[in-house]
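Biologist: Could you walk me through this one? I'd like to hear how you get to each answer.

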Amino acid sequence: MKKRKVALVILHTGRPADLASPLFHANALFLLKAYLESRPEIAARYEFEIIDLRRHVPYNLGLAVEQNIDIVQEVAARRPDVVAFSLYLWNVEAGQALAQVLRRFLPRAVFVAGGPEVSDRREFARMFPGFDVLVEGDGEVPFRRVLEALARGRRPRDIGGVSFLQDGRWVHDPRTAELAPPDEIPDVHAANRGLLEGRGFYLTTRGCPYDCAMCLWARQPMRRRARERILTELAGLIDSPLSGLTLFDYDLLEVYARDPAFFDRLTRLVRARRDGFGLNFFVNPRYLTDPRLPEVMDAFRSHHVLVGLQSTSPACLEAIGRGWSRAWLGALEQAPPAIRSRIFLELIFPLPGQTSAGFLASLRRLLALGYFRLQIFQLCLLRGTALYRRRRALGLRHLERPPYACIATPSISADECLRIGVLCQALNLLRDLADAAPDRRPFAEYFRRDRKVLDRLLAPIDRGATSWDVADLLSREITGRPLELDHAR
Ligand code: B12
Ligand code: SF4
């Protein structure tokens, strides 16, 4: 029997710096391929191919450029029966555009969309009408069932998390997707060792018990593989050409709080690497004062640890469902000074209830305390989140299409959002500069000495300076050199 072909399409990943390894930046497609190929009933009927479109330069200019005929050719020439897209806010517009062009060349193919963008399927279908089948949530089981149905010439009916087009109308199954037992999902990294290069990401668990209003993972059931399995997978990743690894669990110390053996084993694996390989990981703010944190960081040779702080304002934390973390704000001041420059603090701007003055005051405080490695995200109103559902009641104005950025709140005007947004992006660029610096003490010293620096930086922004201009100014003042970063502007 001739096998049907499934093309799993990698679109661009957002930033040129992210081009390192598709295995991490298009993790879901590799994962789904490995899982589906491991199912005999599917492997007997289908063959899968990952088509990486990123080599087509300019990969991020959409289809309006003549050279991008090659993008169409790459997929169409394989004559796939199913074309699958993994959609995030950074590639959903490109996926929609490509799907619409491709269906003119592949009139019989079924176009399947999955990934975090396929949240709130009714709304997604209205905004992105280029697909035939939508899969919301974890894709392993629903995609398998979709392929089984298609192989029998049937419609993908009665599959939780799946919607399909029938005679021009959408049929939605409102149930949530059935989850695959975590140990049934193969080790995708072992299956793709040739792609292990640059820095990698790994999640020991999927899901999160917390309930942050802006996050798509809020209250997602926790799915954890057996400890031995995780350690085997991590051993394979650490014993590879990867230069470092970041563990993306919502909080590593909390997940393994009762399991010191896990840390011992992981430490031994890291020690076995003789070069500068290190493990970074996420923790909640409460661990900033925990004596285990510096110990684990040293043992893992962590370049940094990521703390999802989001705000230092108790009222803002309440507003985004992170009231549980307000008790830990004091930890910022109590954390050992030596550890502060090794902390990568994540903040969000703008937030409901925030004022520009309050946000700037919190930034000044963090910088003076020695936290200058900041990642300040712009608030995105993601379909499927609690914040998105409450956006009108909260008076949040945002871009209706990706990246869905919040551009004004009742207490912060659009002009203020832009001006402070530029400042935040300059600090993000400065973090990239500090990350690569051999000695970070001048950065800490600079912000400790000059408490008025933010006001000084806002002046050129008000005259039209961009984030790059401002980061360049900071670079010259701190390092004596112009800003040079290895990712493109
Ligand atoms: C690791 C990570 C990163 C890494 C790597 C990102 C990357 N390109 O892979 C880094 C740090 C670079 C990053 C950055 C950002 N990220 Co990020 N990131 C994550 C994180 C924590 C894990 C992603 C992952 O690997 N998950 C494991 C895989 C297996 O899960 P999955 O991707 O969801 O795939 C499953 C399903 O979605 C589905 N599925 C996926 N694709 C397909 C395709 C088909 C056909 C089917 C059937 C099913 C299917 O099946 C998969 C398996 O079950 C997620 C949150 C999370 N916990 O998932 C956020 C997340 C993906 N990031 C998010 C965002 C917003 C960002 C940023 C834009 C943040 C910012 N404001 O700057 C940046 C931009 C990145 C860029 N490329 O420009 C959002 C995306 C929301 C959206 N609607 O797209 C998420 C969901 C977090 C959130 N806020 O809720 N991120
Ligand atoms: S932001 Fe972090 S802690 Fe909050 S729900 Fe999402 S993954 Fe969990």
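Biologist: Which residues surround ligand 2?
Modeller: This is a predicted model, where local features need pLDDT of at least 70, side-chain atom pairs count only at pLDDT 80 or more, and totals for chains, interfaces and linings use all residues. Residues are numbered from 1 along each chain as its sequence is written, while chains are lettered from A and ligands numbered from 1 in the order in which they are written. A residue is near a molecule if its C-beta atom, placed from the backbone, lies within 6 Å of it. For ligand 2 that gives Cys 208, Tyr 210, Cys 212, Cys 215, Trp 217, Ala 218, Tyr 250 and Gly 308.

Biologist: How does the shell around ligand 2 divide by class?
Modeller: Here Ala, Val, Leu, Ile, Met, Phe, Trp, Tyr, Cys and Pro count as nonpolar, Asp, Glu, Lys and Arg as charged, and the others, Gly among them, as polar. Gly 308 is one of the surrounding residues, and Gly goes with the polar ones. The shell around ligand 2 comes out as 7 nonpolar, 1 polar and no charged.

Biologist: How far apart are the C-alpha centres of domain 1 and domain 2?
Modeller: The domain assignment, automatic or from a database, gives domain 1 as 4–172 and domain 2 as 196–479. Their C-alpha centres lie apart by 31 Å.

Biologist: Is helix 4 parallel or oblique to helix 5?
Modeller: Axes are lines fitted to C-alpha atoms, for helices over the stretch in contact, and angles run from 0 to 180 degrees between N-to-C directions. Helix 4 (residues 69–76) and helix 5 pack at about 60°, with axes 10 Å apart. Angles under 35 degrees count as roughly parallel, over 145 as roughly antiparallel, 65 to 115 as roughly perpendicular and the rest as oblique. So helix 4 is, relative to helix 5, oblique.

Biologist: What is the handedness of the crossing of helix 2 and helix 7?
Modeller: Helix 2 (residues 27–37) and helix 7 (residues 140–151) pack at about 55°, their axes 10 Å apart. Leu 32, Tyr 35 and Leu 36 of helix 2 meet Glu 140, Phe 143 and Arg 144 of helix 7. A crossing is left-handed if the near helix is turned anticlockwise from the far one by less than a right angle, and right-handed if clockwise. This crossing is right-handed.

Biologist: Which residues of helix 11 meet helix 10?
Modeller: Helix 10 (residues 260–271) and helix 11 (residues 292–300) pack at about 35°, with axes 8 Å apart. Helix 10 brings Phe 263, Leu 266, Thr 267 and Val 270. Facing them in helix 11 are Val 296, Ala 299 and Phe 300.

Biologist: What is omega for the peptide bond from Phe 349 to Pro 350?
Modeller: Most peptide bonds are trans. This one is cis, and Pro 350 is found in the loop between strand 14 (343–349) and helix 15 (356–369). Its omega is near -10°.

Biologist: Where is Asp 158?
Modeller: Most residues other than glycine have a negative phi. Asp 158 has a positive phi, near 55°. Its place is the loop between helix 7 and strand 6 (162–166).

Note on methods. Helix = DSSP H or I, 4+ residues; strand = E, 2+ residues; numbered from the N terminus. Contact = placed C-beta atoms within 7 Å.
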